[in-house]
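Visitor: I would like to learn how to read the features of a structure, one at a time. Where do we start?

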Amino acid sequence: MNNEQTAIQTTYFSIIGNTALALIKGLAGFFGNSYALIADAIESTTDIFASFLVLLGFKYAKRPADENHPYGHGKIEPLITFGVVAFLVVSATIIAYESIQNIQTPHKIPKSWTLIVLGLIIIWKEISFQIVIKKSKQTNSSSLKADAWHHRSDAITSVMAFIGISIAIIFGQGYETADDWAALFASAFILYNSYLILRPALGEVMDEQLYDDLILEIRERSLEVKGVLDTEKCFIRKSGMKFHVDLHAIVDSEITVKSGHDIAHKLKDYLRKEIPNLGHVLIHIEPNE
């Protein structure tokens, strides 16, 4: 299974999981008198739409390179990440608004059994986060990473709800709004995570040089090719799950143009073989002094 197929399969996992949890949270919140759980259900509902957005992005990014897009369609990924972050911000805003409204509205103490529901949800969402974040690292997908953090933010919202409901149940009358305050604090954390997700995606769009480990690996691998004496400049641009490379390779100044050309082709082929996530590799030949 290639990276694109892995990412799409992982996104389906997120959609199915979030749909089930949104229903469970909504019903448990309604029948269990928990506004924090209802807010949590809203967050899971926005996760469903965000995951669908990620799925559409992956399907578009799979399109092969064409005349108008010689480097492929991978740049749609960070743009999709912006959309996912927008969903996070919207859900955090809705949760904060609903929490403030509920704090000002008298209501019953949540049912104690909602803690069991929340405990199971927290465990499942953390497992989901670990699964999706692992796949995002495997595929080098920024939008899959954003989707993973949806799971983590959902887990955090549920933890806050668990704490709030526990306080309301333990201390009783006068503490009915504890779960609403918990949801409000969770919304602030979701906004903070939104920034953490947005920052690397913005760097990807701006072709920011963020790949020092990959550059080091490229330089080391290049010296394994016969005829390459050293490397000079190495620039990397990320597009979707692929990394496009511009590399200056130093060769013997006494060799022919054809020999230099052949070395460049060997180097390009070798790098793409040894580092499968490389896309276009442009080799510029430099003579040694």
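Guide: With exposure. A residue is exposed when its relative accessible area is over 50%, buried when it is under 20%, and partly exposed in between. Keep in mind that this is a predicted model.

Visitor: Is F31 buried or exposed?

Guide: F31 has a relative accessible area of 54%, so F31 is exposed. F31 is found in helix α1.

Visitor: Which residues form the nonpolar patch on the surface?

Guide: The patch consists of L27, F30, F31, W113, I116 and L120. Together they have about 710 Å² of accessible area. Two helices, α1 (3–31) and α4 (114–139), each supply at least two of the residues. The largest share, three residues, comes from α1.

Visitor: Where does UniProt place the feature "transmembrane region"?

Guide: The unreviewed UniProt entry gives residues 12–31, 37–58, 79–100, 112–133, 154–175 and 181–198. Check such spans against the model. Residues 112–133 are 91% helix and 0% strand, with end C-alpha atoms 32 Å apart. Residues 181–198 are 100% helix and 0% strand, and their end C-alpha atoms are 26 Å apart.

Visitor: What about the domain annotations?

Guide: The unreviewed entry has "Cation efflux protein transmembrane" covering residues 13–202. That span is 82% helix and 0% strand. The entry also places "Cation efflux protein cytoplasmic" at residues 212–287. There the chain is 38% helix and 39% strand. The end C-alpha atoms of residues 212–287 are 25 Å apart.

Visitor: How many aromatic pairs does the structure hold?

Guide: First the general idea. A pair of aromatic rings is described by the distance of the centres and the angle of the planes. This structure holds four aromatic pairs. One of them joins Y211 and F243, with ring centres 5.2 Å apart. Their planes stand at 75°, and an angle over 60 degrees counts as edge-to-face, so this pair is edge-to-face.

Visitor: Which parts of the chain does the pair of Y211 and F243 link?

Guide: Distant ones: Y211 is in the loop between α6 (178–205) and α7 (212–222), and F243 is in strand β2 (residues 242–251). Y211 is buried because its relative accessible area is 14%. F243 is buried too, at 6%.

Visitor: How many salt bridges does the structure hold?

Guide: Again, the idea comes before the case. Side chains of opposite charge can pair when their charged atoms come close. The structure holds seven salt bridges. Among them is D207 with K75, at 3.0 Å from N to O. This pair links distant parts of the chain: D207 lies in the loop between α6 and α7, K75 in the loop between α2 (35–61) and α3 (76–103), 132 residues apart. D207 is partly exposed at 30% relative accessibility, and K75 is partly exposed with a relative accessible area of 30%.

Visitor: Which side chain meets E126 in a salt bridge?

Guide: R152 does, at 2.8 Å from N to O. E126 belongs to helix α4 and R152 to helix α5 (residues 142–171), 26 residues apart. The charged end of R152 also sits over the ring of F129, 3.8 Å from its centre.

Visitor: Which residues are linked in a network of salt bridges?

Guide: R221, E224 and E274. Within it, the closest N and O atoms of R221 and E224 are 3.6 Å apart. R221 is partly exposed at 24% relative accessibility, and E224 is partly exposed at 46%.

Methods: Residues numbered from 1 in each chain as written. Predicted model: local features only at pLDDT ≥ 70, side-chain atom pairs only at ≥ 80, totals over all residues. Heavy atoms only, no water. UniProt positions renumbered as here; feature names shortened; annotations may be inferred. Helix = DSSP H or I, 4+ residues; strand = E, 2+ residues; numbered from the N terminus. Patch = residues over 30% accessible without salt bridge, like charges linked within 9 Å, V, L, I, M, F, W, Y side chains within 5 Å. Areas by Shrake-Rupley, 256 points an atom, 1.4 Å probe, with all protein chains shown as cover. Salt bridge = Lys/Arg side-chain N within 4 Å of Asp/Glu carboxyl O. Buried < 20%, exposed > 50% of the residue type's maximum accessible area, 1.4 Å probe, protein only. Phe/Tyr/Trp six-rings, centres within 6.5 Å; stacked < 30°, edge-to-face > 60°. Lys NZ or Arg CZ within 6 Å of the ring centre and 35° of its normal.
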